[in-house]
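Thanks, everyone. Let me put the model on the screen, and then I'll go through its salt bridges, helices and surface.

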Amino acid sequence: GHETTTTLISNCFRVLLAHRDQWEQLIDAPKKIPGAVDEVLRYSGSIVGWRRKATKDTEVGGQRIAAGDGLLLLMGSANRDESRFEDAEHFDITRANAREHLSFGFGIHYCLGNMLAKLQAKICLEEAARLIPSLRLAGGPGTDIDFRENLSFRVPTSVPVTWDA
């Protein structure tokens with residue numbers, strides 16, 4: 001959980017500072033931070049895909065899957081599903097159903113540390129909003145961020161920021 005939590009915190013700052021209006025909402029109303037964390041998890045979670053093996057023959061969406069077949073589950077895609085999340089490509093910290101994301105998995109594979117990860121991200125955002133509200137991406141909202149090459153994890157290599165002294 002250490003790597004995914006640090007990635008969550010990085011993604012929180014990366015996405016929120018790229019959407020300056022939403023960052024400013026958090027400064028004005030810190031009570032929105034828990035919803036913002038869930039929306040970051042939905043919009044840009046730390047884990048976007050997971051590999052599994054089918055344990056039995058089944059069918060999903062008309063596609064037959066045999067026991068032993070390799071599967072690539074794309075939570076990042078599911079979290080942007082328009083049938084579940086209205087205007088899913090839009091980042092909105094006030095989204096009513098943001099908590100329905102699949103970034104922590106589902107069922108027996110649901111992350112046991114989900115509440116701790118969300119609490120750590122919440123505390124980081126609260127303190128940053130309180131202490132350095134002028135925080136911004138060093139290159140501005142359109143700053144290109146590099147990510148590690150990885151099929152399952154969405155990990156920024158860095159999130160360069162600046163603020164007014």
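Start with Asp38 and Arg99. They form a salt bridge, with the closest N and O atoms 3.9 Å apart. The rule for a salt bridge is a side-chain nitrogen of Lys or Arg within 4 Å of a carboxyl oxygen of Asp or Glu. Asp38 sits in helix α3 and Arg99 in the loop between α4 and α5, so the pair ties together parts that are 61 residues apart in sequence.

Before I go on, the ground rules. This is a predicted model, so to speak of local features we need pLDDT of at least 70, and side-chain atom pairs count only at pLDDT 80 or more, while totals for chains, interfaces and linings use all residues. Numbering runs from 1 along each chain as its sequence is written, and side-chain values use heavy atoms, with hydrogens and water left out. Helices (H or I, at least four residues) and strands (E, at least two) are DSSP runs, numbered from the N terminus.

Back to the pair. Is Asp38 buried or exposed? Buried, at 3% relative accessibility. Arg99 is exposed, with a relative accessible area of 62%. Cut-offs: buried is under 20% relative accessible area, exposed is over 50%, partly exposed is in between, with a 1.4 Å probe and protein chains only. There is a third partner to name. Asp38, Arg99 and Lys118 are linked in a network of salt bridges. The total count is 12 salt bridges.

Arg42 and Glu39 meet at 2.9 Å, N to O, in a salt bridge. Both belong to helix α3, three residues apart, about one turn of the helix. Glu127 is partly exposed, at 33% relative accessibility. Arg130 is exposed, at 56% relative accessible area.

Next, α2, residues 20-28. Its buried residues are Gln22, Trp23 and Leu26. They cover an arc of only 105° around the axis, which puts them on the same side of α2. The arc is taken over the directions from the helix axis to the C-beta atoms. Their cover includes α1 (2-18), α3 (33-44) and α5 (114-131).

Asn97 is buried, at 18% relative accessible area. Leaving out residues up to four places away in sequence, Asn97 touches Arg84 and Phe85.

Last, the surface. Leu72, Leu74 and Leu151 form a nonpolar patch, with about 280 Å² of accessible area together. Areas come from the Shrake-Rupley method with a 1.4 Å probe; for residues, only the protein chains shown count as cover. Patch residues have over 30% relative accessible area and no salt bridge; like charges are joined within 9 Å, nonpolar side chains (Val, Leu, Ile, Met, Phe, Trp, Tyr) within 5 Å. Leu74 lies in the loop between β4 (70-73) and α4 (75-78). Leu74 is partly exposed, at 47%.

Definitions and conventions
Contact = heavy atoms within 4.5 Å.
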